[in-house]
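Subject: Structure handover

Hi there,

Here is the structure I promised to pass on.

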Amino acid sequence: MKEYYERRAPEYDDWWLGTGVAAERTRPGWDEDVRALIGVLEALPPARTLDIACGTGFLTQHLPGDVVGLDHSERMLAIARERAPGATFVRGDALSLPFEDGSFGRIFASYFYCHLEESQRLRFLDEARRVAPELVIVASVLKDGVDAARWEERAVRDGSRWRVYKRYFEPESLAAELGGEVLFQNKRFVVAVA
């Protein structure tokens with residue numbers, strides 16, 4: 001997966017912005033749903049926050065407080081550093097965090113938790129709880145006719161194709177899995193806090 005995200009970095013934001021390949025998708029209400037998600041993140045109380053698997057920093061830039069973004073892809077981090085110059089960015093492994101116990105007030109992860117198989121999820125949750133007392137997760141809401149967990153094929157503009165594990169969530173089930181509560185949901189996004 002590390003190679004996939006290195007290759008995906010230059011086009012990663014197309015999904016958020018509806019540009020590139022994503023411009024061909026019909027997504028009524030997408031921009032409004034994204035703005036609502038961003039509004040929820042901006043309204044979080046400021047905290048020393050570690051954004052795990054921050055990618056290009058699309059959501060990182062909206063997190064209040066002292067923010068550190070962590071990603072394994074240097075190409076993703078290069079984009080994130082330009083997008084959110086007030087944050088600090090570190091290359092590292094999200095399942096073996098390079099930080100001391102209790103280093104942060106909050107762990108934030110968007111579209112990372114949903115790509116973890118069970119053993120990885122357990123390891124991630126142990127690491128997240130080790131470095132911060134609060135965990136905020138952004139994920140995709142389960143839609144009718146979609147399997148809750150599946151392998152998806154992803155194509156990159158360079159012609160490569162990748163299989164990516166993906167989970168979709170009923171908002172309450174994500175909150176229960178994390179031992180927390182639903183902070184926000186709309187038809188596309190769920191934010192759970194634990």
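What radius of gyration would a compact globule with 194 residues have, and what does the protein have? The globule value is near 16 Å, and the protein has 16 Å, which agrees. The radius is taken over C-alpha atoms, and the globule rule is 2.2 Å times the number of residues to the power 0.38.

Before the rest, a word on conventions. This is a predicted model, in which local features need pLDDT of at least 70 and side-chain atom pairs count only at pLDDT 80 or more, while totals for chains, interfaces and linings use all residues. Residues are numbered from 1 along each chain as its sequence is written, and side-chain values use heavy atoms, with hydrogens and water left out.

The overall picture: the protein has six helices and nine strands, taken as DSSP runs numbered from the N terminus (helices H or I, at least four residues; strands E, at least two). Along the principal axes, its C-alpha atoms fill a box of roughly 45 × 35 × 30 Å. Of the 194 residues, 51% are buried (buried means under 20% relative accessible area, exposed over 50%, partly exposed in between, with a 1.4 Å probe and protein chains only). Among contacts (heavy atoms within 4.5 Å) with a separation of 6 or more, 58% join residues 24 or more positions apart.

Buried in H5 are Arg-121, Phe-124, Leu-125, Glu-127, Ala-128 and Val-131. Seen down the axis, these buried residues fall within an arc of 165 degrees, so they line one face of H5 (the arc is that of the directions from the helix axis to the C-beta atoms). They pack against strands E1, E4, E5 and E7 and helix H6. Glu-118, Ser-119 and Asp-126 are exposed on the face turned away from that buried side.

Asp-14, in helix H2, is buried at 14% relative accessible area; beyond its neighbours within four places in sequence, its contacts include Arg-27 and Arg-157. His-72 sits in the loop between strand E2 and helix H4 and is partly exposed at 29%.

Best wishes
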